[in-house]
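Please open the structure in your viewer and keep the selection tool at hand.

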Amino acid sequence: MPSNKSVSDAPIVQFTNCRILRSHQLQREDLWVREGKILNPEKLFFDEKGSADIQLDCKDSIIAPGFIDVQINGGFGVDFSLATDDFKSGLDLVSQKILSHGVTSFCPTLVTSPPSVYHQVLPQISIRNGGAHGAGILGAHLEGPFISKEKKGAHPEHCLRSFEAGAFQDLLATYGSLDCVRIVTLAPEMKRSGEVIRELTKQGICVSLGHSVANLSQAEEAVQHGATFITHLFNAMLPFHHRDPGIVGLLTSDKIPAGRRVFYGMISDGIHTNPAALRIAHRAHPKGLVLVTDAIAGMGLAPGRHTLGQQVVEIDGLNTYIAGTKTLSGSVATMDTCVRHFQEATGCSVETALEAASLHPAQLLGIEHKKGTLNYDADADFLMLNDGLYVQATYIAGEEVWRQDTLGM
């Protein structure tokens, strides 16, 4: 429906004195918002003869799309892989707190768990829009249990599963329901994984390859079946080898179906991936890089012992290990920290760093027409940042939901 004053009397807000990230460039222009959407000012001027009801001076801030975290296991003492009576209030707490990190949408992530946990937790996760109550929920990311024992990382071995005959039914029985599931991480070398990938893809669920000992041809086959993502590149997979680069080789594979892009998550926290490895991946396939936090319950808390699903983890500075080992188990990095570290480590442009946490995850999930962009008619989920890429304010649907100088929000 064309924009028209007779159609909507909702107030029009004009954000002035800012640099907007649009079409991969920071552009010095104003941002116009009405009814939670980005407005085309030309339509407003010429079709409606309208003007702004409210003007806000952004004091030369950068305005970028809100960050989207597609792999976050919890935070602030909340573990999404624990079936507790107050699971929903824990989910609400995390969604509220991550607004200060610039995250406006996320996929609560469950690590490998017993079927009883999936059956209890998944019905309590519902897809919802963000707002003052917290970041929007795009659906769950189920990381495991159909993964490799050799590359289980922080996942409990006794909960790992393989696909039996009737593989997809086996997966359904394990999870209980796929109603709110957005991403499933699995190991593509498993027998019958091809049929599972095809079926999940058919249902609109993104399949990610991870915690795997797959060689390159197995990974390429999984992509041909419909897989589009790699879970935390370099971590929990075979290391790059020049004769068989494994899953890492997908970044430059010539066997990706035409018109398809493979995305890959990276935990840019300075711990999980050496800056040189981050640079190699980014230079090899810049348009596929998706920043993820892989944050655990200990994010936002003091060092010490916390949980990750069935395991006890220990936080020592920015390092998180399974208690009593040196096995890394998720991170305590925030998304804005990951964006700044990525830009510093790679020397990439501000625009590139911001898009790795906004546009790319939106493209991965097929929602780039409404999220991860400031194009006209997209959702008005955006951030104000200073030149150091520190978040100053977070907006969802055009409403301010967090600001640096407000306490208790």
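UniProt positions are given here in the numbering used for this structure, feature names are shortened, and annotations may be inferred rather than shown by experiment. The model is predicted: local features need pLDDT of at least 70, side-chain atom pairs count only at pLDDT 80 or more, and totals for chains, interfaces and linings use all residues. Residues are numbered from 1 along each chain as its sequence is written, and side-chain values use heavy atoms, leaving out hydrogens and water.

Select D294, which an unreviewed UniProt entry annotates as "active site". D294 lies in the loop between β16 (289-291) and β17 (304-308); helices (H or I, at least four residues) and strands (E, at least two) are DSSP runs, numbered from the N terminus. D294 counts as buried because its relative accessibility is 6%; buried means under 20% relative accessible area, exposed over 50%, and partly exposed in between (1.4 Å probe, protein chains only). Next, display its contacts (heavy atoms within 4.5 Å). Apart from neighbours within four places in sequence, D294 touches Q71, N73, E143, H232, I267, G330 and S331.

**Second stop: P145.** Move to the loop between β11 (140-143) and α4 (167-175), where P145 is found. The peptide bond from G144 to P145 is cis, with omega near 5°.

Select N17 in strand β1 (residues 12-22). N17 is not a glycine, yet its phi is positive, near 55°. With 34% relative accessibility, N17 counts as partly exposed.

Then select K59 in strand β5 (residues 54-65). K59, also not a glycine, has a positive phi of about 55°. Is K59 buried or exposed? At 68% relative accessibility, K59 counts as exposed.
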